[in-house]
Amino acid sequence: MSELVTRVAENVGLEPATAEKAVGMILGFLQREAAEGPVAKMIEAIPGAPELVAQYNGEGSNGSGILGGLMSAIGGGGVMALGQQLMSQGLGMGEITALAKETIAFAKEKAGDEVVDEVVASVPGLSQFV
């Protein structure tokens, strides 16, 4: 298990399997939604991140079907859709916020503040959660 997943499991209080899936979902979301250059640098800098993205990138998005399509069409996708996916994994808002903060803090340690700040700034609404 990656250092990031272990840290999230311990600091947020999640089971390791749940932490792994949640981190993978967040990183996959960032890969889809954030500015391509900075997010690629960030993911490459985090040990194990490319594998987590590959494993969990589509998690939740296919299962949302028509509702997910409607939310995207009316502008309710993005961060809110990610939140719904994480809640469907049993996480509460406090855990989701802690998970996001831990993931971003770890990313800054590995990729640097400037790169991660670019990633966060490129995703509408994300900065209020991290």
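Figure 1. The elements run α-α-α-α-α-α-α-α from the N terminus. That gives 8 helices and 0 strands; helices (H or I, at least four residues) and strands (E, at least two) are DSSP runs, numbered from the N terminus. This is a predicted model, in which local features need pLDDT of at least 70 and side-chain atom pairs count only at pLDDT 80 or more, while totals for chains, interfaces and linings use all residues. Residues are numbered from 1 along each chain as its sequence is written, and side-chain values use heavy atoms, with hydrogens and water left out. Of the 130 residues in the chain, 40% are buried. Buried means under 20% relative accessible area, exposed over 50%, and partly exposed in between (1.4 Å probe, protein chains only). Contact means heavy atoms within 4.5 Å. Among contacts between residues at least 6 apart in sequence, 73% join residues at least 24 apart.

**Figure 2. The largest nonpolar core.** This core holds 38 residues. A nonpolar core is a set of buried Ala, Val, Leu, Ile, Met, Phe, Trp, Tyr and Cys residues joined through side-chain atoms within 4.5 Å. Leu 30 and Met 42 touch the most other members. Helices H1 (3–13), H2 (16–33), H3 (36–45), H4 (49–56), H6 (78–87), H7 (93–111) and H8 (113–121) each supply at least two residues. H2 gives the most, with 8. Beyond its neighbours within four places in sequence, Met 42 is in contact with Leu 27, Leu 30, Ala 107, Ala 111, Val 115, Val 116 and Val 119.

**Figure 3. Where H2 meets H7.** The two helices pack at an angle of about 65 degrees, with their axes 11 Å apart. Axes are lines fitted to C-alpha atoms, for helices over the stretch in contact, and angles run from 0 to 180 degrees between N-to-C directions. H2 and H7 are therefore roughly perpendicular (65 to 115 degrees). Ala 22, Val 23, Ile 26, Leu 27 and Leu 30 in H2 meet Leu 99, Ala 100, Thr 103 and Ile 104 in H7. These residues divide into 8 nonpolar, 1 polar and no charged. Ala, Val, Leu, Ile, Met, Phe, Trp, Tyr, Cys and Pro count as nonpolar, Asp, Glu, Lys and Arg as charged, and the others, Gly among them, as polar.

**Figure 4. Thr 103 in helix H7**. Thr 103 is buried, at a relative accessible area of 1%. Leaving aside neighbours within four places in sequence, Thr 103 is in contact with Leu 4, Val 8, Val 23, Ile 26 and Leu 27.

**Figure 5. The buried residues of H6.** Val 79, Ala 81, Leu 82, Gly 83, Gln 85 and Leu 86 are buried in H6. The buried residues of H6 pack against H2 and H7.

Technical notes: Angles under 35 degrees count as roughly parallel, over 145 as roughly antiparallel, 65 to 115 as roughly perpendicular and the rest as oblique.
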